[in-house]
Amino acid sequence: MLLRSCAVVILPPRGEQSGLREALCSCGLAIISGLGWYIVDPVAWPAVFATVLVLSWPHLADGINAFADRIFYRAALEAGAHSLAPGALTAIGRAKDIVIDKTAVMSGPDLMVSNVMAFDNEPKTLLAVAASAEAHSTEPVAIALRQLAAQWRVTIKTPDRFEPAPGLGVIALLGGQTVVIGTTSLLKRLKIDSFTADAIARALEADGKTVLRVAVAGRVVGVLGLEGTLRQDAGVAGRALRKEGLTPWLFTHDSQNTRQTLADMLGLENPGETEPGETARDAAARRFGEAAPLVLMLSKDRTSLELHERSKTDTIGSTEDPQPIAVSATDDIGAFPALKALATRRDLLTVGARRVLTGVWLGAGLCAAAQLTPLMAAPLVFAGCLGILLAFARFAVSGNLASHFGREESHMLKPV
């Protein structure tokens with residue numbers, strides 16, 4: 001019990017590795033040994049039973065993952081992570097997919113209006129209508145429109161009514177007329193013909209731009225093209241994630257053409273159309289069901305990148321503010337492929353250590369059953385198990401653990 005208490009203090013238990021199976025095997029071995037010695041020597045069986053139970057008991061089983069987390073936490077910080085939640089490496093290690101919000105692969109949160117194409121009026125008139133309709137919005141699109149209006153010295157009016165359509169656009173009442181700014185899906189919902197605008201939009205979307213249609217009084221009067229600057233290392237990060245065994249998916253409310261163009265540029269997968277108003281976490285839940293994909297997004301204050309785990313217990317449309325499992329600086333997207341590599345190595349450590357320690361426990365129990373090892377050897381067995389964990393940690397951090405277990409993917413495990 002003293003050894004058990006010391007193990008709990010040094011390595012706090014983690015539910016994912018309870019050691020229940022090993023404990024049941026230890027009890028079974030102790031019972032079998034005790035019964036065997038009861039037949040041979042009724043006096044000796046209690047001592048044999050107790051010795052086998054103590055020496056074969058998995059004292060450190062539920063501390064293996066906690067120990068591994070301690071070893072790799074510093075390595076994760078050196079890889080670029082600012083913080084790591086408990087169990088983060090476990091979640092990252094078992095994940096197969098990662099949904100990447102478009103904002104996470106942009107070099108900044110700001111958009112720039114690159115195209116103002118008016119059908120019947122001057123571009124300034126179209127910009128004035130669009131910027132006025134978006135006057136109450138704080139979205140990046142609205143900010144970009146107001147910035148360009150200031151540069152062009154266009155007067156912005158206050159709309160009489162403003163109704164946002166999340167993921168689609170906005171509907172406003174301006175000067176007694178209804179102004180709609182948004183995607184073709186929004187115009188179709190309002191039964192506004194956008195055939196001419198769609199033909200123009202396809203050329204802009206082929207360049208990866210966000211395209212919005214502007215309709216006044218039920219008629220499309222122009223098209224707006226907006227673009228942001230992609231991170232220079234976003235494509236490299238996408239390839240690195242694939243190399244580490246994660247399939248990256250792009251999340252954006254842009255049109256299918258724009259989404260496909262961006263996905264091709266970055267080497268990401270295109271998950272198809274998104275639902276109006278859904279977040280990247282909602283899209284991950286809808287796309288992957290009960291699986292637990294990772295979700296990479298820009299924080300609400302736009303000061304960091306956050307990695308979330310989408311749990312199968314999460315509900316779509318939840319208003320709760322989920323806590324990220326890992327955080328990095330906005331200019332350090334490469335930290336997340338590194339975390340996946342560390343999580344893989346950490347899993348190798350836990351699996352390998354568990355196998356070796358199980359062998360030690362079994363060997364000690366069998367020696368006790370044959371009365372070759374006394375009960376006083378328990379502290380030595382405990383110390384030996386700690387030494388084994390330290391040795392595995394050294395191999396794991398140096399990148400040699402995979403080769404010791406014949407893993408073909410050892411080329412993925414680079415030194416930290």
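Here is a short tour of some salt bridges in this structure, one selection at a time.

Before you click, know that this is a predicted model, where local features need pLDDT of at least 70, side-chain atom pairs count only at pLDDT 80 or more, and totals for chains, interfaces and linings use all residues. Residues are numbered from 1 along each chain as its sequence is written, and side-chain values use heavy atoms, with hydrogens and water left out.

A search of the whole structure turns up eleven salt bridges (a side-chain nitrogen of Lys or Arg within 4 Å of a carboxyl oxygen of Asp or Glu).

Start by selecting glutamate 309 and arginine 94, whose side chains form a salt bridge at 2.9 Å, N to O. Glutamate 309 sits in strand S11 (residues 304-309) and arginine 94 in helix H5 (residues 88-94), so this pair ties together parts 215 residues apart in sequence. (Helices, H or I with at least four residues, and strands, E with at least two, are DSSP runs numbered from the N terminus.) Arginine 94 counts as exposed, at 52% relative accessibility, while glutamate 309 is partly exposed at 22%. Here, buried means under 20% relative accessible area, exposed over 50%, and partly exposed in between (1.4 Å probe, protein chains only).

Next, pick lysine 102 and aspartate 254: their closest N and O atoms are 2.7 Å apart in a salt bridge. Are these two buried or exposed? Both lysine 102 and aspartate 254 are buried.

Now try arginine 242 and glutamate 269, another salt bridge at 2.7 Å, N to O. Arginine 242 is in helix H10 (residues 234-243), and glutamate 269 is in the loop between H11 and helix H12 (280-288), 27 residues apart.
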